[in-house]
Amino acid sequence: MNEADLIIVGGGPAGLTSAIYSARALIDTVVIEKMLPGGQPILTSFIENYPGFPEGISGPELAERLESQARRFGAKIITSQPVEEVLQVDKGFEIKTEEGSFFSKAVIIATGTSPRKLNVPGEETFTGRGVSYCAVCDGAFYKDKVVAVVGGGDSAIVEAIYLTRFASKVYVIHRRDQLRAEKILQERAFANSKITFIWNTVIQSIEGGKKVELLKLKNLKTEEVSDLPVDGLFVYIGSIPNSSMVRNLVELDENGFIITDNSMRTNIPGLFAAGDVRSNTFRQLATAVGDGAIAANSAEKYLGELIWKR
Amino acid sequence: MSLRNSYNRIKAVDSSNFDSEVLNSTIPVLVDFWAEWCMPCKMLSPIVEEISQELSDKLKVVKVNVDENPDLATSYGIQAIPTLLVFKDGNVVGEIVGYVSKKALRDKLEEVIG
C-alpha cells in the first residue's frame, strides 16, 4: 500500500473528488490524510450553497458522504498521517509522512488551508482557554456567555450567527467599516439582536488570568484604545495555505498558494494541485470539487502518456 | 476509521469515580475530555485508543464526557475539546488542546511520563 499510480495528499472535498474520479477510472489511487477524511466541512456547522441540497446539509454529514463515495470506487484512504515533504525521485514522487514514505507516479496536492492567526499577545497562551478557531467545536462552552468574533468575511459572519445559539451576546470586531461577507449573511447578522458590530477596530492584545477576560481594542479611525470584557474570542480572519510539503518543489504565489494552469498542472510534470491550496481561486466547496475532478482527469491523461512513452 | 465509529474501548469516568480512577491511580493517567457532537474529538479518539493499547503497561487512559460532567470540565478549566490532560500522582503534568497526530501525542507522553 505504500506504492500507487496516483497519490492524493489531503482528504477534503477536492482530494476526495479527485479520488472518486480516478478510482472510477480504475487508477490505483491512495489518499493520504493528516487527520480523518472530510476536510473543512467536518468543522463547518452548516452548508447552504452546495448545489443539490436545497435545505442545506451539515458539514460532517457531507464529509461522511464524500468519504464513502470515494471508498465505494476503490480508493484507499490512509488517515492520521501528516505529509511532511513531497520529493521528485527517479520514477515519480516520494511522499514522506511522519511515519514513513510512499511512492507514486503522479501526485495531487489537495491540502487546503489552515486558519490565519491574529499574531497578537495572548493569542497563543489562551488558545483553548477562550481563544478558538472553530465555533462548531467550542461554541457550546459559551452558553449564556459573552463572546467576540474577529473578521468580516463569510466564515466570520456564519459562525457569529451560529454562536448566538449559545452566547448571550456576540460582538463582531472588524477592521473596516463594512463586511466582505455575502449580502444574505450580512442581512441576517444585522437583524440578529444578539450581535453587535464594532467597526474600524483591531485587537491589540488578549488578556486574562487562567482564561480570556478581556480584549484590548484600538479604533483605527480615532486611535482610541478600549477594553472589551469577553469570555471567548473566535478568530475568522482568513486562511493560509497548507503548502509547506511542496515549498521546495513547486512554484507558489507570494502568499504560499500553489500556482497551476487551468488543468490543475503545476510547473512540475506529474504534480497537480486542487482546491483551496491553489492560487487565485474562489475558495468554495463547489470550486474545490470542480478542481478535484479536473485534477483527476489531468492526472489520468498524464499517467496514460507515461505508459505510451515506455 | 469512520466518524460514526463509537468511542467504546476507553473507560468512561465521572465525578463519582474520578478520584479513585485518576487522582489516586498508581500509574499516570491520560484523561480525554470529549463530547458526542465534537468532530475533532471523533478524529482524535482512534488515536487515543491506539495509544492506550500501545502504552497499556505504563499509562492508563480514560475519557470524560463534558456534557455529562460539566463539573469536572469546569474544575479543570476545560474550554475547548478535545483536551487531553495527563495526571501523575494526582497532579496535571501535561495538557494537549485540540487534535494532534499520533506521533505528536506519543512524543508529548514520552516527555511527561518518560
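Q: Where does B:P82 lie in chain B?
A: This is a predicted model. B:P82 sits in the loop between α3 (70-75) and β4 (83-88) of chain B.

Q: What is the peptide bond from B:I81 to B:P82, cis or trans?
A: Start with the general rule. Most residues other than glycine have a negative phi, and most peptide bonds are trans. Here the bond from B:I81 to B:P82 is cis, with omega near 0°.

Q: Which phi does A:N200 take, positive or negative?
A: A:N200 is not a glycine, yet its phi is positive, at about 55°. Look for A:N200 in the loop between β13 and β14 of chain A. A:N200 counts as partly exposed because it has 14 C-beta neighbours inside 10 Å.

Q: And A:M264: buried or exposed?
A: A:M264 is buried, because 28 other C-beta atoms lie within 10 Å; the cut-off for buried is 20 or more. Phi of A:M264 is also positive, near 70°, and the residue is not a glycine. A:M264 belongs to the loop between β18 (239-241) and β19 (271-273) of chain A.

Q: How do I read strand pairing, say between β14 and β15 of chain A?
A: Strands of a sheet pair through backbone hydrogen bonds, either parallel or antiparallel. In chain A, β14 (201-208) and β15 (212-219) run antiparallel, joined by seven bridges. A hairpin of three residues links β14(A) to β15(A). Within the pair, A:V202 stands opposite A:K218 in β15(A).

Q: What does β15(A) do with strand β16 of chain A?
A: β15(A) pairs with β16 (225-229) of chain A over five bridges, in the antiparallel sense. The bridge partner of A:K218 in β16(A) is A:V225. Five residues lie between the strands in the hairpin of β15(A) and β16(A), where A:E223 takes a positive phi near 65°.

Q: In what order do the strands of the open sheet of chain A come?
A: The five strands run β10-β17-β11-β12-β13 in chain A, with parallel pairing. To find the edges, look for strands that pair on one side only: these are β10 (131-132) and β13 (195-198) of chain A. Inside the sheet, five bridges join β11 (146-150) to β12 (169-173) of chain A. One residue pair to check is A:V147 with its bridge partner A:V170 in β12(A).

Q: Which strands does helix α4 of chain A lie across?
A: Helix α4 (154-163) of chain A lies across β11, β12, β13 and β17 (232-235) of chain A. The helix runs at about 170° to β11(A).

Q: How is chain A divided into domains?
A: Domain 1 is 3-115 + 239-309, and domain 2 is 131-235. Their centres, taken over C-alpha atoms, are 33 Å apart. Four residues of domain 1 of chain A are in contact with seven of domain 2 of chain A. The domain 1 side has two nonpolar, two polar and no charged residues.

Q: Which residues of the largest nonpolar core touch the most other members?
A: In soluble globular proteins, nonpolar side chains tend to be buried together. This core has 124 residues, and A:V9, A:I108 and A:L233 touch the most other members. Helix α6 (285-309) of chain A gives the largest share, eight residues. Domain 1 and domain 2 of chain A both contribute residues, so the core lies between them. Beyond four places in sequence, the contacts of A:V9 include A:I32, A:V83 and A:M245.

Q: How many residues of chain B are in contact with chain A?
A: 18 residues of chain B are in contact with 23 of chain A. On the chain B side, α2 (39-54) and α4 (102-113) of chain B are the elements that give two or more residues. The largest share, four residues, comes from α2(B). By class, this side of chain B has 11 nonpolar, five polar and two charged residues.

Technical notes: Residues numbered from 1 in each chain as written. Chains lettered and ligands numbered in written order. Predicted model: local features only at pLDDT ≥ 70, side-chain atom pairs only at ≥ 80, totals over all residues. Core = buried A, V, L, I, M, F, W, Y, C linked by C-beta atoms within 7 Å. Buried ≥ 20, exposed ≤ 12 C-beta atoms within 10 Å, placed from the backbone. Domains from an automatic or database assignment. Contact = placed C-beta atoms within 7 Å. Nonpolar A, V, L, I, M, F, W, Y, C, P; charged D, E, K, R; others polar. Pairing = 2+ DSSP bridges. Axes fitted to C-alpha atoms, helices over the stretch in contact; angles between N-to-C directions.
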